[in-house]
Amino acid sequence: MQPELNHSKALDSTIAIPAIGVNVQVRIAPTATGNKATLIETTDEPGYGPPQHRHERETEIFHVLSGRYLFEVDGKRFVAGAGETVVAHVGSTHRFTNIDDKAARMLVLITPGLDAAAFFTELGNTMKNGIPAERVRFVGNVMIDTLIRLLPKTDPARATAPSTSSRRPSPTWR
C-alpha cells in the first residue's frame, strides 16, 4: 500500500470577529485530509470566547498554546493552560473564555473536517455590527444555545475563575 501525500498550505488570511474577540487562521483545510479533520489556530482576547454551543457532527480537540482558558464542557468547568488539551465530543455542550490578562492562543482540531473558513466568515458577517439582539440558533451546522452578553468586566454577575491575579478578566457566563 502506497502512502498518500496530501500537501496543505496554511491559508494566509486571518478571520477577525471583534464582537467575540477572536482571530481565526485555518492551518489545515478539510480538503487536505479528505474531510476527516480541520486544524485552526485561534487567538482570543482577554475575557472573550465563543457562546455556549454544540456540534451535531464534530468533535473539537483544543490544545492551548499560550495563556489560560476557563472551559465548560457538559456543565463541568475547569481551567486549561499552555500545553494542556481539552476534548469536546460530538453532541457535548461547551464554551471557553480566555481568563488571562493578554491574548491567548490555541490549536483546535475538528473532526470530521469542517469548512472553518466559510463557517467563521459567516459568523463574522453575522456579528459584523456586534452580537445580534435576536437569538441565533444556527450558524452553519453548529447550534448556538446562547449568545455571549458582553458585560463590563467589573459586572459582579460574572462567574469568576480560579486565578492568582485580580487583573484577569472573568468570563461572561450566566
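The legends below describe close-up views of a predicted model of a protein chain.

**Figure 1. The protein chain as a whole has 1 helix and 12 strands.** Along the sequence these elements follow the order β-β-β-β-β-β-β-β-β-β-α-β-β. The chain has 174 residues, and 47% of them count as buried. Among contacts in the chain with a separation of 6 or more, 65% are between residues 24 or more positions apart. The accessible surface amounts to about 9,300 Å². Carbon and sulfur atoms contribute 54% of that surface.

**Figure 2. The largest cavity has a volume of about 260 Å³.** P50, H53, E60, F119 and F120 are the closest to its centre among the 22 residues that line this cavity. The search of the whole structure found 2 cavities of 30 Å³ or more. By residue class, the lining of the largest cavity consists of 16 nonpolar, 4 polar and 2 charged residues. Rolling a probe the size of a water molecule over the atoms shows where empty space is left.

**Figure 3. Strands and a helix contribute to the lining of the largest cavity.** At least two lining residues come from each of the strands β2 (22-28), β3 (38-44), β4 (53-55), β5 (59-66), β10 (104-111) and β12 (142-144). The helix α1 (116-126) likewise supplies at least two.

**Figure 4. Strands β1 and β2 form a hairpin.** Strand β1, residues 15-17, pairs with β2 in the antiparallel sense over 3 bridges.

**Figure 5. N35 has a positive phi of about 65°.** N35 is not a glycine, and its place is the loop between β2 and β3. Most residues other than glycine have a negative phi. N35 is partly exposed, with a relative accessible area of 46%.

**Figure 6. Strands β6 and β7 run antiparallel and are joined by 6 bridges.** β6 covers residues 68-73, and β7 covers residues 76-81. F71 has F78 in β7 as its bridge partner. The two strands form a hairpin with 2 residues between them.

**Figure 7. D74 lies in the loop between β6 and β7.** Its phi is near 50°, a positive value in a residue other than glycine. D74 belongs to the hairpin of β6 and β7. Its relative accessibility is 52%, so D74 counts as exposed, the cut-off being over 50%.

**Figure 8. A cis peptide bond joins T111 and P112.** The omega angle of this bond is about -5°. Most peptide bonds are trans. P112 is located in the loop between β10 and α1. Both of these elements, β10 (104-111) and α1 (116-126), supply at least two residues of the lining of the largest cavity.

Definitions and conventions:
Residues are numbered from 1 along each chain as its sequence is written. This is a predicted model: local features need pLDDT of at least 70, side-chain atom pairs count only at pLDDT 80 or more; totals for chains, interfaces and linings use all residues. Side-chain values use heavy atoms; hydrogens and water are left out. On a 1 Å grid over the protein atoms alone, a cavity is a set of points where a 1.4 Å probe fits but cannot get out, and a pocket is an open set with protein on both sides within 12 Å along at least five of seven lines; lining residues have an atom within 4 Å of a point. Grid points are joined across faces, edges and corners, and a volume is the space filled by probe spheres set on the points. Helices (H or I, at least four residues) and strands (E, at least two) are DSSP runs, numbered from the N terminus. Ala, Val, Leu, Ile, Met, Phe, Trp, Tyr, Cys and Pro count as nonpolar, Asp, Glu, Lys and Arg as charged, and the others, Gly among them, as polar. Buried means under 20% relative accessible area, exposed over 50%, partly exposed in between (1.4 Å probe, protein chains only). Contact means heavy atoms within 4.5 Å. Accessible areas come from the Shrake-Rupley method with a 1.4 Å probe; for residues, only the protein chains shown count as cover. Two strands pair if DSSP finds at least two bridges between them.
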